[in-house]
Amino acid sequence: MGCDWFSRFARGTNLWIWSVCCAGIALAAAGPGIPACFARNIISCDVVHPDWALGQRRSQPTVSAIGTRTLIYFRVRFADDRDDPVSVEEAVRDLTEAQAIFQQNSRGRFGLTWEVSPVLQLAVERSAFAGPGGFERFLTAVREAGLAAGIDYQKFDLDVARHSGVPGFAGGNANLGARGAQVQAGGGVLLSHELGHNLGLLHANAWMTGNPGISRGSPPLPSNYETLPEPRDVPVYPDSQMGHETVTGPGRSAEYGDINDIMGSGSSDFSALNRYALGWLAADEIAVLEPGWHALSLQSLEGGIHPALPRAIQIGPTVTTPLGDRQYWVQLAPKATNGVAAPGIQIRWADPVAIGLGSLVLAPLASEMPLDGGVTLTAGRTFSDFANGVHLTLRQWVGEGDSQVAEVLVAVGFNADNQAPLLALDPLPAAAEVGEELVLTARALDSNGDTLVWHWDFGDGTSSTVPGTVTKTWRRKGDFRVVVEVSDGKGGVARAQSVVRVGAVDTRRITGRVVDPTGRPVAGVRVHNGVLRAVGGGRSLATTLTDSEGRYILTGLVPGTYTNGAYHLGYSVRRLPPVAVEASDLNGLDFVAVPLPEVQAEALSEVPESAGYATLFKIKRSGAVDAPLTVFYRLVGTASAGSDYVRPLVDRVVIPAGSSEVSLALDLFDDGVAEGDETIRLEIQAPTQAIRVDPQGNLYTVYYPGWEYLEVDGLMQWVLTEPSYLPVRTNHDTVVVRDNDVAREQIVSVTADDLIAIEQPIVEGHFRIAREGATELPLEVHLQMGGTATAGVDYTALPGVVRFHPGETEQVLVVQPIDDGIAEPEEAVDLEVVLRPEYAVAQGIARVRLRDSGEVTLRLDVRQRADGLLELVLKGKPGSRVILDRSEDFRAWTPVRTNFLFNSDTAAVLLSPTATASGFFRTRLESMDPTRSP
C-alpha cells in the first residue's frame, strides 16, 4: 500500500508537504528546508532525536561516519515468542552485508566491528510496546536487559536490537543523528538504512509532479470537499488520470522515492549528496559550478582511474523550487543490479542549509513515457530548468568498467539571444523488411554556432548519439516511429520524426498537429490515444511528443474507438471527440493549445534609501484581463527585510480585472548605517492555490497540483487543476537601493536564538551582540530592554551597557528565566541597541520568547477576515498533531482537519463562510505518538 498525498501549506516562501499512509503518521519539520519524515509500511521508521525541540535546528550527529565504529547487535525475545528472532549466523550475515555496503560506499573510510549478544529474554509480551512511545520503551527495555546480562551498550558506538514483529512497528526504527535502532526483519540493506539514520541522514525522496492521487482529504481536493461526492464514486477525467508531469514544477515529495539511494528504496548505494554529508566524498571531489558555460567529465562515485575528475557536480548557490531554495547535485547513475554501470546521470535537489539531510531525485524526462520518465538522463538528452536557467546535457558516455566517464555540458544562467537549432529529417521509405539495413539522414543547423548533441530513438528500444547519418536494421516487424533530437546544451532543442513500417503489419496511425490559437506549432506536447490500460481487442496506450513543427504520430493502433488527448505545461488543451480507427489511418486530427497567462516582474533600476514608501516593482501578465489574477512572489537580495525595508504582510498581489499589471510598493528604512548599495529582488512564484466560487456563491479553495470537481463533456468528473498562470522564464527583476550614509568605524548588531526560554524545566535564551569594522578599538554598546516580560520578576535583569575589549567581536547575554510559580501566558524579552555616534546599527532589535513550561496549551481563535473567509488560529506544542472538529449542537462532532501538525506553535486554517464553516469548533490532540513515523 502506498502513501496518499494528504496536505500542504505555504509558510513564508517555502512549500511544506507531508504525507500520511495507511498505518503511518507524519513528523513535523523543525525548520525551513528540512524535509518532514514520511510514513511507509515497507522497512523503516525514524524516531526523532530529542534535540529537535522548540525551534531548534537539528544538531550534528553524535556518531561519526569516519573510521571504524563498534556495534552491539542485541537479539531480543518477547515473553510470547516461541523461537529466537534470529540465529547468530543470520545476524553475522546481515552485519557482513551492511559492512560491505559501508566499505564500498565510503571507499574504505567507514566500517563496523560488532558483537552479537546472546538472546535477551524480556518479561513482557510484544503487545506491551505497541502504540505511542513503543520504540523508546522497547529500546530502554533492551538496554536494561543487556546491562542485566553484563552487556553495557554504552561501551559501543552503536546498538541495534533485532526482534520478531511488534504490532504497529515498521521493519525498522532508528534515532536520527544518535545511537539506537531496531529491526524486525533481516537483510543488510535494512540495517544500513537504519544505521544511516543514526549517522544523521534523512530519507531520500523523489519529486513527483504528475497525478497526486485522490484521497478523502484536502488538499489535493478542493477545500469544500466535504460537500462533494465520495471521490471513488466520481469518474476521473482520463487526461488527469494519466497525470500532468512537469519535471520541476509544483508537486509532492514521494517518501522513499529515490530508487538508487539506500535512504530511499535503493539496495546498495548512497547518493553523492549523502556520501558528502557523511564525509565519504571530499570537497575537492565535487565540481562547484557558478553561472556560465561548462563542459566537464564526471567519473563514478567509487573506483575510477581519473583522480583529477570530479565525482559529483554541485550547481550553486541556489535555485528556486516549489520547496524553497535548493541546490542541484549531479552524479553518474550507480551500477545496475547486474553490476554494469547504467549509462546516464542522475539529478537531485538538496537543501543548501541542512545538506544531506533529505534529498529529492528528479525525473528529467517526466513528460515522456513511461510517465515518470525514469530518474536517469541518457546520452544525447538535455534536462532544462528554464525558470532557473539550468541546463544539463549528457553528451556521451565513454570507457569501460570503473574507468567509465560521462561528458557533461552544464549551462547556468539566462541567454535571451540563444536560438533553438533547426532540424530536418530526410524522408524514410514507406516500408522495409525485417533485417533490411536502412540509411537514416538528418541535417541540423545552429544559428548561434553551438556544437550540437544528437539523439536518435528508433522506436524499438534502441538509440544512438551518432550525428547526421546512421544505419539501422529492425529485427522484428512493426510500425516504428523514428525520432531524432538535437540540443545545443543551452536549452535549445529541435525534434523531427517519421515512421517506417517494417514487415507486414495490420495496425493504423493517427497523425495531426498541435498549434496555438494563432496557428503557430507547439513543440514538446505529450499526445496520447486515451487508453489508460490494455483493454479488449488489443487496444493499448500509445503516446508521443510533438516535434518542432507541432506534429505528432501515434502508431501501433488496432481498429477501435479512441479519444485522443494532449498535455503541455503552460497550455490548456481540450480533448478531441472520440474517433473510430478502422481500415485506414486517420490524419489531420489537430489540437489547439491555448497558452496560460505568463507573469513577469519589472523593477525600477535604482531607488535612494531615503525614498521611504515607494513603488519599486510592477507585476505584469499576458493574455486576457477579464478576471482578477492572484500572483505569488517572494523578496530576496542583499537588503534585509525588517532592517532595510518593511516586509509586506502577504506574499501575493492581485492584478485586478481589466488590468494587465499591478504595482508593489515597499517602505524603505533610512537606517543610518553605511552598508553600501543593496539589492531587493522580486521573484514570481508558481501558483499553489486559487479561490473559486461555487454555483451557490460560496468561496472555496483549489490547490495546484490538486483536483477540481468539474463538468466535462456533460459529465461531472475529477479534473487535475491547471495553474492560473506561469512565471516567465526570467521570473525576477532587481532594484538597487542606493545607500546615503557615511561610513562609521564600527557596526553593531543584535540577534537572538530561535530557542524558547522556559521557566520549568529551566531553558535559557540568548542574545548575541556582535560588532564589525574597527574591532581593534574598545567600544561601549548601550542597550535598553522592553517586551511583556518584567526584568527581575520573569527573568534576571540584563546590563544596560556592554563593553567590548580590543579584538573582541561578540558577546552573549544569557536570558535566565525565573520560576515564579505563577501561571502566565507566553511573554517576550526585547533587547534594543541604542544608536550612538560612535557606532552604526545594522540589526537593532531582537526578541527572546519566554514560557512557563515546555507544554503549550491547545488554543483556538476564530475571526472573519475582510475577504469573507473564516480564519481559525490554532496554538499547540510544536511537533504535536491535532484534530479540528466542528459541531452544530455540541453533541455530534465532525473532523474538519485531521492530523494537523504544528511546525512552530501556531497554525491557521481558512474556511469559506458556508453552512459547513459555521457552528462550533474545537481542537483535540490526535492520540498517536507525534515523535515517530514509520
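Why does N529 count as buried? I looked up its relative accessibility, and N529 counts as buried because the value is 0%. For burial I used a 1.4 Å probe on protein chains only: buried is under 20% relative accessible area, exposed is over 50%, and partly exposed is in between.

Notes on the model. This is a predicted model, where local features need pLDDT of at least 70, side-chain atom pairs count only at pLDDT 80 or more, and totals for chains, interfaces and linings use all residues. Residues are numbered from 1 along each chain as its sequence is written, and side-chain values use heavy atoms, with hydrogens and water left out.

**Entry: N529.** I placed N529 in the loop between β29 (526-528) and β30 (543-545). Strands here are DSSP runs of E, at least two residues, numbered from the N terminus. I then listed contacts (heavy atoms within 4.5 Å). Leaving aside neighbours within four places in sequence, N529 touches S540, L541, A542, L554, L557, Y562, T563 and N564. A polar atom of the N529 side chain lies 3.0 Å from the backbone oxygen of S540.

**Entry: cores.** I searched for nonpolar cores, meaning buried Ala, Val, Leu, Ile, Met, Phe, Trp, Tyr and Cys residues joined through side-chain atoms within 4.5 Å. The largest has 31 residues, and I313, Y328 and V410 have the most contacts inside it. Strands that each supply at least two residues of this core include β13 (312-321), β14 (324-332) and β19 (405-412). Another core, of 28 residues, lies apart from it; A65, V86, L190 and I262 are among its members.

**Entry: Y328.** I followed Y328 next. Beyond its neighbours within four places in sequence, its contacts include I313, I347, W349, L362 and F383.

**Entry: rings.** I counted 19 aromatic pairs in the whole structure. Rings of Phe, Tyr and Trp (its six-membered ring) pair if their centres lie within 6.5 Å; planes under 30 degrees apart are stacked, over 60 edge-to-face, and the rest tilted. W207 and W349 make a tilted pair, 5.7 Å centre to centre with 55° between the planes. W207 is in strand β9 (residues 204-208) and W349 in strand β15, 142 residues apart. Both are buried. Y328 and W349 are also tilted, with centres 6.5 Å apart and planes at 55°. Elsewhere I found W454, W456, F458, W474 and F480 linked into a cluster by ring pairs.

**Entry: charges over rings.** I required NZ of Lys or CZ of Arg within 6 Å of the ring centre and within 35 degrees of the ring normal. K472 lies over the face of W474, 5.6 Å from the ring centre. The charged end of K490 sits over W293, 4.9 Å from the centre of its ring.

Conventions
Helices (H or I, at least four residues) and strands (E, at least two) are DSSP runs, numbered from the N terminus. A polar contact is a pair of N or O atoms within 3.5 Å; within protein, one must be able to donate a hydrogen and the other to accept it, and residues adjacent in sequence count only if both atoms are side-chain atoms.
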